[in-house]
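Please go through the structure below in question-and-answer form.

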Amino acid sequence: MALEEKREKRPPVTPMMIEEDAALRNGSRGLPPGPWAEAPGPRPRTTERHIAVHKRLVLGFAVSILALLAVTMIAVLLSVRFEECGAAADGPPRAGGNGSLSGAARQPPGAGQPPGRPEEEARGGEATEEEEEEEEEEEEWQRRRELPPWARPRLPRHLRPLHYNLMLSAFMENFTFSGEVNVQLEVRNASRYIVLHAHRMHIEAVRVAEDKLAGGVRVARTFFYPQTQVFVVVLNRSLEVQRSYNLKIIYNALIENELLGFFRSSYVLHGERRFLGVTQFSPTHARKAFPCFDEPIYKATFKISIRHQATYLSLSNMPVETSVFEEDGWVTDHFSQTPLMSTYYLAWAVCNFTYRETVTKSGVVVRLYARPDAIRRGSGDYALNITRRLIEFYEDYFKVPYSLPKLDLLAVPKHPYAAMENWGLSVFVEQRILLDPSISSILYLLDVTMVIVHELCHQWFGDLVTPVWWEDVWLKEGFAHYFEFVGTDYLYPGWNMEKQRFLTDVLHEVMLLDGLSSSHPVSQEVQQASDIDRVFDWIAYKKGAALIRMLANFMGHSVFQMGLQDYLTIHKYGNAARNDLWNTLSKALKRVGKSVNIQEVMDQWTLQMGYPVITILGNETAENIIVISQERFVYDSDTKPKDPARGDNSYLWQIPLTIAVGNTSHISSEAIIWVSNKSEHHRIPALEDASWLLGNINQTGYFRVNYDIRNWRLLINQLTRNHEVISVSNRAGLIDDAFNLARAGYLPQNIPLEIMKYLSEEKDFLPWHAASRALYPLDKLLDRTENYNIFNEYILRQVASMYLKLGWPTNNLNKSLVQASYQHEELRREVIMLACSFGNKHCHQQAATLISDWISSNRNRIPLNVRDIVYCTGVSLMDEDVWEFIWMKFHSTTAVSEKKILLEALTCSDDRNLLNRLLNLSLNSEVVLDQDAIDVIIHVARNPHGRDLAWKFFREKWKILNARYGEALFMNSKLVSGVTEFLNTEGELREAQLSLQHQPVGQHKDEEQIAKTHLKNFIKSYEGGAAVSFSRAVETVEANVRWQRLYKEELFQWLRKSLTQ
Ligand SMILES: [Zn+2]
């Protein structure tokens, strides 16, 4: 699954629908009893649906009586096996079978109520036999002091699904579907209970039969237990060990108007709105589409059939085997049986898309399905082409062939994530797969490419070999994220993604997050379904990837690759935990004569949160001896002792530190030192007076390195005199380490600014990119301070000469040039961005001229790669007419990439009225796509003129926002951190100051207190599911405020002095 890196995922529904959904979830409405119902189930939300369901149920009732008679007779006469009776799923849901058929599931009991209780009152308190039995059962569990099997966070282990037959009918005209699932079960321990996941559906009938003997097992009762999202079937007798049974469930549910389970989405073609239904099951939403054992460990085979109107087509993981057409315009597609797989990457879709197709060398048919106009324009061709090449790449790299006969890529208008790796049917949001080469920047092309590389990697890491449980989600996400860079290098060999861009986009990025005390280990324990979404965060993705890269480097890439081949071969079609990986890799190392206990090393990195900072000190008394020490890196040192779990001193890692010695013209080859103690002495040969030390060669390690000031000075000298002695990745690494060490107080504030000075000679993109990213938070810390102009002036001086040297791109890149000039174009873009955002006059004039030319000629001649910069600069400098012009263009353009940057440009205005107008419009789904609203709010928060507006808007609309994005936790936490990350003394503080008028608030300590209190009060009243992101937000704001108090003046003093020299 790929999370949205720069763009937002699509959230659900309008506020009105949200209320209805909430009501449904709470189980506060009831369905009219179905033909088998003893008690109400969930009620549909509209009258239309009510009538439609009712008609179907009446019809269903009639058919079912006939079917009941017929099937009973046939069963008696022919002794046919039960699942054969249920195989022809045409017509509305109906019951099968004999006397073991149970009634419909009752309404889920409210929280805290024992299952099956709610009806008691309605019957006047008269206890039935069944209810007495329930009471006895409960007492029994209490006596045993055990939780009943349905109340435990994980499914009980006594049953295992072997095979599912799933037959669905999708009614797109009223967005409902009905299903019949037959699960073949293996019994491991005798039990009277069948507990499996089912959530937000109406169950009409349940039957259990013993497989071989065709005999029914009587169902005593059934109930939902919503707290754990399970459905429980209680039997009259125990299922016997080693035998196989068949569980049949008939149910119906809604094709939801939100983004999880089986949901719907729409697009407009030739003025007509068309609908499609698609699934998103990861991590815990398959249970909303069919009753199943919804944990990754329960791998089974699946045979799916989908019945739909013939105007639609249906897709699933496997190809269609046969299609059966009916006279009334309906068709049933029967898909081939899947290999063993988990529920979360099962998928289907019902849509009227068209496709283009290609075939790999090994014969895998790859199709890209999208809305017909996009297919006609060829917007899917790029993705299709690289997918074919990437399958060939992975087959060669892993030495394991792609496992299914086909792979469909589906481009949908609405999806909660950038994409989802369903095996054989991967789903992408349109902005992450469709690409019009004539209007796409390199950055956009890169984003599309990497998402595709990511999802394809999952066809092996995730789908073929699946993590045992969600605590190790990084085992699949870390790999897929790491391979984004390796796979892109295969497609574009000159881009050096894994060696270079990985640093700024992954390593530097995640070390920002993981340097907070509120971080968490990459492997994190989860149990409850509601917590599982939480594990899909940047720590799992980016730290996972960074640790894998460190591992690949200390093992050596070819041994690492061999190890992965073994791992995939051994565990294919199964599950694996992190220790399985470590063992396989250790064995691979042993084969080449190296002995490292990988588990021992990696446990420290995956089970401990955070990362170390290594300090290398020269030893003045003993020659050639250096002192290397490690401690946990934390931004806000005030929070260090607060860590509740352990004292900070106990954090230790086994660190593969590579180290080299350099002098003015030469750097030694690197040596690896394993650092495992708090402090160690090491002998370094050839350490002369003027030579410097450099640690973490090419920044392959997941840690920071600090030096004594003397060594920093030598390194700065080296960079100024001849920076090429130090590798590109280490130049970027030195910049990032220095800025962050200073921000956390490990290093004087002037060191990073002094390092920056060499950039005027730097012709490589990566160090500029690292500097630009490291400057960004510093800029946001300072952008509203009195002396901001001093900082601004300093940065402009560093950028000026390179800006002059590179100039502006004159025309759009020829496609064939992209490959060759990627580094150069990205460098130019980076420098122009710095120049324009820090106020270089020429840059501003150039942007204004380009915008004016566009407006007067109505032809957009702005080079693609700098369009976002020009739009934003134009909107911020020029008058309201430009804002209106961009607003109009935003409405009229149809290209997804262009629409996005136009919308973001609107957030660059200095005009607070316009910013407020935009914020208010952002929640109107007709104007701003739901998925884009988060971006609007976050971008307004990044604008110093809008930060307090966004913060205020966020607090006022929190209830609406939380209802919209709350269930897709990743979106929610991105919103929370995006709005709060740069609060320091303003925004919330200014308001607080207003309310505290006449009280002197100039004292730093007071300001700090007020900022904290205000944010904390808000959080206390609203936190809900976003608690984790809120605690991170508080820590970030605290660290911001603290930095201002301790270091701001030091920085300005140095800058003043430096500017007058
Ligand atoms: Zn993924």
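**Ring pairs, metal site and overall totals**

Q: Is Phe-485 buried or exposed?
A: The model is predicted, and the relative accessibility computed for Phe-485 is 1%. Buried means under 20%, so Phe-485 counts as buried.

Q: At 0% relative accessibility, what does Phe-502 count as?
A: The cut-off for buried is under 20% relative accessible area. At 0%, Phe-502 therefore counts as buried.

Q: What geometry does the ring pair of Phe-485 and Phe-502 have?
A: The ring centres of Phe-485 and Phe-502 are 5.1 Å apart, and the planes meet at 75°. Planes over 60 degrees apart count as edge-to-face. The Phe-485 and Phe-502 pair is therefore edge-to-face.

Q: How many residues apart in sequence are the parts that Phe-485 and Phe-502 tie together?
A: Phe-485 belongs to helix H8, while Phe-502 belongs to helix H9 (residues 497-514). Their pair therefore ties together parts whose separation in sequence is 17 residues.

Q: How many aromatic pairs does a search of the whole structure find?
A: Ring centres within 6.5 Å count as a pair. Searching the whole structure gives a total of 63.

Q: What geometry do the rings of Tyr-397 and Phe-483 have?
A: The centres of these two rings, Tyr-397 and Phe-483, lie 5.2 Å apart. Their planes are at 85°, so the pair is edge-to-face.

Q: Which helices hold Tyr-397 and Phe-483?
A: The pair ties together parts that are 86 residues apart in sequence. Tyr-397 lies in helix H6 (residues 381-398) and Phe-483 in helix H8 (residues 474-491).

Q: Which residues coordinate the zinc ion?
A: The coordinating atoms are at 2.0 to 2.1 Å, and Met-1 contributes both N and O.

Q: Why are His-454 and His-458 separated by about one helical turn?
A: Both residues are buried. His-454 and His-458 lie in helix H7 (residues 442-458), and the reason for the spacing is that they are four residues apart.

Q: The ring of which residue lies under the charged end of Arg-264?
A: The charged end is 4.1 Å from the ring centre. That ring belongs to Phe-175.

Q: What percentage of the residues in the protein chain is buried?
A: The protein chain has 32 helices and 30 strands. Of its 1061 residues, the buried share is 62%.

Definitions and conventions: Residues are numbered from 1 along each chain as its sequence is written. This is a predicted model: local features need pLDDT of at least 70, side-chain atom pairs count only at pLDDT 80 or more; totals for chains, interfaces and linings use all residues. Side-chain values use heavy atoms; hydrogens and water are left out. Donors are N, O and S atoms within 2.8 Å of the metal (3.2 Å for Na, K and Ca); water is not among the atoms, so sites may look incomplete. Helices (H or I, at least four residues) and strands (E, at least two) are DSSP runs, numbered from the N terminus. Buried means under 20% relative accessible area, exposed over 50%, partly exposed in between (1.4 Å probe, protein chains only). Rings of Phe, Tyr and Trp (its six-membered ring) pair if their centres lie within 6.5 Å; planes under 30 degrees apart count as stacked, over 60 as edge-to-face and the rest as tilted. A charge sits over a ring if NZ of Lys or CZ of Arg is within 6 Å of the ring centre and within 35 degrees of the ring normal.
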